[in-house]
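Subject: Structure for you to look at

Hi there,

I am passing on the structure we talked about, and my notes follow below it. Have a look whenever you get a moment.

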Amino acid sequence: MAELPAPSRRPPTAGVDGALPSLVAVLTLMSLEAVRASGPLLNVAYEAGGPGAVAGAALLTYAAPGLVVAALLVATRGHVASPASMLLAGAGLLAAVRLVGQGVLGPARVGFGLATVAVALAMLTVTVALLVDRPGGSRTAVGAIAVGAAAGVGLNLSLGTWDAFWRTGVGGWSVTVAVVSVLVASARLSALGSSRVPRDPARRFDRPVRLWSLGPTLALAAMMLANPAFAASQSSVPLAVAGPVLALGLVGVAGWVRQTGAGGGTGGCRSQQAPALAAVGLLLGVGVALGLGGRFPLDGVLVLLALLGAQGATFVLLAAALGAPPESPRNGLRSPRPGRMAGGATLVGLGTIVPLFVYQIDYDLPLGCPNAVVLLITAAVLGLAALLRPRSSTPDPAPTPTTPAPALTTTHAAAEPTATGRPSGSRLLLAAGCALALLGSAVTVSSAAVDRMATPPGGSAPPGNGVVMTWNLHYGVSRGGSVDLETTARTIEAQHPDVVLLQEVSRGWVLGGGGDMATWLAHRLGYRFVFAPAADRRFGNVILARTAPTDVTVTELPYGAGPQHRSALAATVEVGGRPFRVTSVHLQQRGSNVPTRLAELDTLLTALPPAASAGLPNLVGGDFNAVPGSPEIARITDAGFTSAVDAAGDPTAATSPTGSPTRRIDWVFGRGVSFGSAQVLSRAWTSDHLPLVVTLEP
């Protein structure tokens, strides 16, 4: 019987055994933040040149990780077998572009923000490749990715889903510096561990694992699996519940994958059965999560359960895809091939952006089928990566008790304490990720509790000032590509409105930075909100009010010539101390959509009379995409509505676009009410529309 090594014989590198998984985790967190940030940044290209321009910019940005890897290989003289210098150089570059991106504004922020995407994805690809190249490394890498995603959800929740990248104050800088510090420290320790491992010519840096499977994984994570705003909006469950469920689900998946070796590799089920079941489960989870939501009462619970199942299935499949055995005929004892690593990084980038871009472009150029099919195809591709991986009759070997594992391997450390009795680096990694996820969840839950305590539950409201505001928020993105929710909140706050009618509100759209704008603004302003889906359940109309809106109704408007589904959200609220029936609406935007807009108005006007017949005055505000004198405006004024701007403001005032407005397409109409004033706020630049503020006469 072999004698176990004594504690004193612990290898000198065991102190850094958790460094490389920690680096994978923090790179996952940073990559997901960078992917979310790229949506608003790429919007600049869309505003300048339309779908073609944004497609080119997106493909160039997400193909660039391969160029970054190639540049790092050249700068470090191709030391892929001893990658200490590559880790340090890459981490230093990522830290630099991330910090500079935090401090600059305008076009410079766009450039450095997109550079952060390329460098983050390049470093994640390289670091995962390093980790899976060691015995048991696939499950360790996948566990670290899940921990990084969980920590990212926790951090996102603690910031109210408005990422640090967009915050120019002390809070944003504090979070950024902390994350970058962890990045640099993890890279330093990983490089130290790598330098202490003797080179083994039988082990290669570019094993034939399917590194490109990271791309579909990141796409699904950014869109739904690690997107708390998506979970809240899709399920209609408050963010304070949906967000923590998503975070804790990822923590549970991380522990389960690392302990059981699920999906293949060392330990666990090595047959095709686990990946096959996971592939079916992922398709089912994605389909249910996207297909339900608002279909019937309590279906939001099923949406959350589907997301949890999809999380587990995704990481089982990723573990299988990354767990290709070293005995594959392609592996041979050849010298490293840097080209494969650079190509893999490019495929990771493209695998991330192509599903997100095609899914999003459907709202401007309809695909001809539901865009949910795009995410189902993405899930199927990940399943194929796992099911069609190279096979071998011999499993991926794990280090034996009598032969210390290489310094960067954490196979046994994930399940046992180190020889000195202290927790292993891998266990500390899991604990740190869990702690951050729990912290973000606790902050979200406590914030929601404070909101409910501070705001009256409805019924009796303090006398208001009779101010009504309407604003198309352009999913929170300014024409310069920034997301400044604080300035938006201050603009609203300065008017002290009783009710705010909002359009183009994002609740998880990657194009808008992934934030839950409705929840964030309601919390920041101390208002209550109701939300109605329009293009989808993550993009629609909102009514913000001082007290809880009642008798809420949603009217689906005719699709007509498209390209987006539209809706009208109505509720009863108190304005100036008395009840009003208010409606937030957004009509189709194209110049050729006049017939569609007229049909939408007919549907809207048909839905309004019940409130008027009950003795409640009507207020309708929003983006009508129609100018003065158009048939659309004539249609609504013929129904007895009065334009606030024409009655009590400047009829020449324009609301779009910001900077140099030329058209008045945002309106407030009233029936059974008199207007005292109407003003366009010409210095509100956080959207591509200007807000309209109206005061009612007593």
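Predicted model: local features only at pLDDT ≥ 70, side-chain atom pairs only at ≥ 80, totals over all residues.

Gln503 itself belongs to strand E2, which spans residues 499–506. Its relative accessible area is 0%, so Gln503 falls under the 20% limit and is buried.

Next, a residue in a helix. Ala25 lies in helix H1, residues 19–75. With a relative accessibility of 6%, Ala25 is buried too.

Now to a helix pair. Helix H2 (residues 84–103) packs with helix H3 (residues 107–132) at an angle of about 155°, and their axes are 9 Å apart. Because angles over 145 degrees count as roughly antiparallel, that is how H2 and H3 run relative to each other. The crossing of H2 past H3 is left-handed.

On the H2 side, the residues making this contact include Met86, Leu87, Leu94 and Val97. From H3, Phe112, Val119, Met123 and Leu130 are among those that take part. Sorted by class, the contact of H2 with H3 holds 13 nonpolar, five polar and two charged residues. Arg98 of H2 and Arg109 of H3 are both part of the contact.

Best wishes

Conventions: Residues numbered from 1 in each chain as written. Heavy atoms only, no water. Helix = DSSP H or I, 4+ residues; strand = E, 2+ residues; numbered from the N terminus. Buried < 20%, exposed > 50% of the residue type's maximum accessible area, 1.4 Å probe, protein only. Axes fitted to C-alpha atoms, helices over the stretch in contact; angles between N-to-C directions. Parallel < 35°, antiparallel > 145°, perpendicular 65-115°, else oblique. Left-handed = near helix turned anticlockwise from the far one by under 90°. Contact = heavy atoms within 4.5 Å. Nonpolar A, V, L, I, M, F, W, Y, C, P; charged D, E, K, R; others polar.
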